[in-house]
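These are my notebook entries on one structure. I begin with a pair of charged side chains and then look up helices, cores and the surface.

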Amino acid sequence: MLASWYETQGPAADVLLVGELPDPVPGPGEVRVRVTVSGVNPGDTKKRRGWLGSSMSFPRVIPHSDAAGVIDAVGAQVDAHRVGQRVWVYGAQSYRPFGTAAQYTVVSDHQAVPLPDHLSHELGASFGIPGITAHRTVFADGPVDGQLVLVHGVLGGVGSLAAQLAHWAGATVIATVRRTADLDRVDPAVVSHAFALDTGDPAAAIRSYAPRGVDRIIEVALSDNADLDNAVAANNAVIAAYATRADRTEIPFWPLLFNNVTLRLLGSDDFPAEAKRQAARDLTSAAAVGALTVAVGDRYPLDDIAKAHDHVDAGGGHGRILLTVPQ
């Protein structure tokens with residue numbers, strides 16, 4: 001099969017190789033997916049470059065955890081009728097060496113999620129890490145029906161999906177963007193009100209809209225927003241943080257404590273297995289009824305994977321970065 005891999009960490013152009021590798025064979029409980037589209041995440045590029053001092057977990061790594069395609073072979077203990085089924089894939093390179101930047105990937109049966117015929121492979125390949133992370137930020141602390149949910153970074157991959165999932169589940173969603181110029185890009189069908197962080201006092205603006213505070217906060221930059229979150233959190237609120245800018249992040253401990261705020265930190269590789277399965281079910285269900293969309297940005301052929309990684313490392317622009325895999 002045609003695949004990309006790296007055997008040492010470093011800059012994309014220096015370490016990513018493209019060539020032929022043996023076709024993988026599914027073992028018991030596994031399926032093989034012929035990949036059509038592979039999703040590129042910041043986590044994929046961070047692993048490749050050794051972010052936070054991480055090292056090579058395996059001698060050779062085929063990157064990327066997310067994809068969409070068609071099951072073309074199954075191992076023992078898997079229903080043979082799955083062959084030919086359209087699926088989206090998550091977790092392919094989570095604690096495993098061989099991900100989805102290849103013509104074939106092998107994953108556990110439950111990690112290949114049926115993709116309804118009316119949904120595109122591009123959409124399916126855009127769930128995975130951002131979708132499951134978004135789901136966990138919204139639902140890890142119970143239902144959000146009737147609650148007020150604040151989503152920071154609502155134009156980002158996780159933030160956008162978190163806002164849509166919360167709205168789908170019955171929450172009122174408010175959101176922030178970095179710049180006033182970005183307010184026009186926020187979907188008013190999902191977000192009831194959006195606030196720009198470059199205004200004079202975003203906390204006061206949010207409090208004027210939500211005087212009793214917000215019930216859930218979906219946080220992409222805890223080090224930047226800790227004081228803002230403290231100012232707008234309702235008593236017993238949850239701050240669900242999946243990212244920060246400063247490795248050692250300060251928080252206003254005593255005000256948060258007296259407000260009985262829960263701070264939940266979320267690392268997607270280690271979510272409980274059942275939480276991932278429930279997220280996969282809900283993402284598919286919401287997408288099937290038109291409640292989830294993903295902005296797709298640039299697409300790169302597999303042999304241009306280094307350019308795709310560089311694009312993601314540079315910030316990704318607007319939309320999901322995808323690799324198209326030759327058939």
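**Entry 1: Salt bridges**

I looked up D215 and found that D215 forms a salt bridge with R212, the closest N and O atoms being 2.9 Å apart. A salt bridge here is a side-chain nitrogen of Lys or Arg within 4 Å of a carboxyl oxygen of Asp or Glu. I noted the general point that side chains of opposite charge can pair when their charged atoms come close. D215 counts as buried because its relative accessible area is 15%. The cut-offs are these: buried is under 20% relative accessible area, exposed is over 50%, and partly exposed is in between (1.4 Å probe, protein chains only).

I must record that this is a predicted model, in which local features need pLDDT of at least 70 and side-chain atom pairs count only at pLDDT 80 or more, while totals for chains, interfaces and linings use all residues. Residues are numbered from 1 along each chain as its sequence is written, and side-chain values use heavy atoms, with hydrogens and water left out.

I then turned to D224 and R245, whose side chains meet in a salt bridge of 2.6 Å, N to O. This pair links distant parts of the chain, 21 residues apart: D224 is in helix 7 (residues 222-232), and R245 is in the loop between strand 12 (233-241) and helix 8. Helices (H or I, at least four residues) and strands (E, at least two) are DSSP runs, numbered from the N terminus. D224 counts as partly exposed because its relative accessibility is 46%.

How many salt bridges are there by this rule? The count comes to twelve. One of them joins E7 to R60, with the closest N and O atoms 3.1 Å apart. E7 is in the loop between strand 1 (2-5) and helix 1 (12-15), and R60 is in the loop between helix 2 (42-49) and strand 4 (66-74), 53 residues apart. E7 is partly exposed, at 42% relative accessibility, and R60 is also partly exposed, at 31%. I also found R48, R49 and D313 linked in a network of salt bridges.

**Entry 2: Helix 7**

I returned to helix 7, where L222, N225, A226, L228, D229, N230 and V232 are buried. These buried residues pack against strand 8, helix 6 (202-209), strand 11, strand 12, helix 8 and strand 13.

**Entry 3: Helix 5**

Helix 5 (residues 157-168) has twelve residues and reaches 17 Å from its first C-alpha to its last. That is close to the 16 Å expected at 1.5 Å a residue, where the expected span is 1.5 Å times one less than the number of residues. Its buried residues are V158, G159, L161, A162, A163, Q164, L165 and A166. What covers them includes helix 4 (128-139), strand 8 (148-151), strand 9 (172-177), strand 11 (214-219) and helix 9 (273-288). Contact means heavy atoms within 4.5 Å. After helix 5 comes G170, whose phi is positive, near 100°.

**Entry 4: Nonpolar cores**

Which residues of the largest nonpolar core touch the most other members? They are W88, V154, V191, I218 and L292, out of 39 residues. A nonpolar core is a set of buried Ala, Val, Leu, Ile, Met, Phe, Trp, Tyr and Cys residues joined through side-chain atoms within 4.5 Å. Helix 4, strand 8, helix 5, strand 9 and helix 9 each supply at least two residues of this core. Helix 5 gives the most, with six residues. I looked up V191 and, not counting residues up to four places away in sequence, found contacts with V154, A163, V173, I174, A175 and V186. A second, separate core of 34 residues includes A67, A92, A101 and L323.

**Entry 5: Two loops**

Is S94 buried or exposed? S94 counts as buried because its relative accessibility is 11%. S94 lies in the loop between strand 5 (86-89) and strand 6 (104-108). Leaving aside neighbours within four places in sequence, S94 is in contact with K47, S65 and D269.

P24 is placed in the loop between strand 2 (17-20) and strand 3 (30-40). With residues up to four places away in sequence not counted, P24 touches M1, R32, Y104 and V106.
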